[in-house]
Amino acid sequence: MVDATHISFTADDRSYFSLIKKEIHRMATEGGMDVAKINQLDLIVAEMTSNLFKYSNDGELLMGVFPNNGSPYVELISIDNGPGMMNPARMMQDGVSTSNTLGHGLGSMKRLSDTFELYSQIGWGTIVLSRVYSQPEKAKLKNDVIIRPIVVYKPGEKTSGDGFIYKKTDKYTKVMLADGLGHGPEANKAVNEAAAAFKVFPDYSPTETIRFIHNAIKKTRGAVINITAYDYSRKVWTTTGVGNISARLSGPVNFKNHMSYNGIVGHNIPNTMNDQDYKADEFNQVMLCSDGIKTRIDMARYPMMYKYDLTVLAAAIYKDHARRNDDMSVVMAKTK
């Protein structure tokens, strides 16, 4: 089932922290994580929530379980609007603390994580990313395209009207971000029917994929959709969108906002739509956002971000631009 990729936990009340740890423990267990790895997760969550309480008034913890072709991993993202760090690398050393503690928090999180990154700016806040793999030896499989999503449902809902799915073949990778009309279960149903059609459509073309999905979801509320594919041999991105899913392509020098067609997939789409190609040597990265993310994104606000995992950038966009009154999605894809 296509749903939110991450669950959001507010981390501003110490009495709530044990409940957060129990819920993450439960989700990791149901996701098939190894018991020893779940014990590591418990310690990481305890350190993350403690840091959020100490250094932020509005800390947030995102948690997602990813099946990863039978080798599941858990992703934890700590987000705060606190004072930030002058020297993040130094703060990860044991014994360094700004709050009269032992100073083992960040260092222990790094040791317990299979992937660990910290991004911080003075006056902006801090993002901490931790991934724990059930089988770490499978963590670094070769991929032509790296894909990192953050999909969070609207506060107060129990399911997401936004949905993300991708498909990889020996010739291409194809990604879809869909936003069902409205939110809640009916919007989620539209997205899941779109995902089912996306899975079975055999060809590369994003435009033809959308036409196929359009016919498949006519009995639902409908959805706005962007489909972006990467052709390994031609080394090009191909994208088509209907409705207000924003698509932004960027490279070392250039960036371009892709224009979507007007319409609602499942109700009315243009008779004439065409695939649009972008060369990967000019645009090696794609960002897709639902309308739960504000569109005026200034990438210059995130200096040195190119050195970090794509999830850190997605979390920064979510931190600064999430509307909080709708389902919220940021999907990053990048060629190696």
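User: Which elements do the buried residues of α2 pack against?
Analyst: This is a predicted model, in which local features need pLDDT of at least 70, side-chain atom pairs count only at pLDDT 80 or more, and totals for chains, interfaces and linings use all residues. Residues are numbered from 1 along each chain as its sequence is written, and side-chain values use heavy atoms, with hydrogens and water left out. Buried means under 20% relative accessible area (exposed is over 50%, partly exposed in between; 1.4 Å probe, protein chains only), and Ile-38, Leu-41 and Val-45 are among the buried residues of α2. These buried residues pack against α1 (17-30), β2 (60-66), β3 (73-80), α4 (105-112) and β5 (125-133).

User: How far apart are the end C-alpha atoms of helix α2?
Analyst: The expected span of a helix is 1.5 Å times one less than its number of residues. Helix α2 covers residues 35-55, so its 21 residues should span 30 Å. The value in the model agrees: 31 Å.

User: Which residue caps the N-terminal end of α2?
Analyst: At this end, a side-chain oxygen lies 3.0 Å from the backbone nitrogen of Ala-36. The oxygen belongs to Asp-34.

User: Is Met-176 buried or exposed?
Analyst: Met-176 sits in strand β8 (residues 172-180). Beyond four places in sequence, its contacts (heavy atoms within 4.5 Å) include Phe-164, Phe-198 and Ile-227. With a relative accessible area of 1%, Met-176 is buried.

User: Over which residues does pLDDT stay under 50?
Analyst: pLDDT is the predictor's confidence in each residue, from 0 to 100. The protein averages 92, and 94% of the residues score at least 70. The stretch under 50 is residues 98-103.

Technical notes: Helices (H or I, at least four residues) and strands (E, at least two) are DSSP runs, numbered from the N terminus. A polar contact is a pair of N or O atoms within 3.5 Å; within protein, one must be able to donate a hydrogen and the other to accept it, and residues adjacent in sequence count only if both atoms are side-chain atoms.
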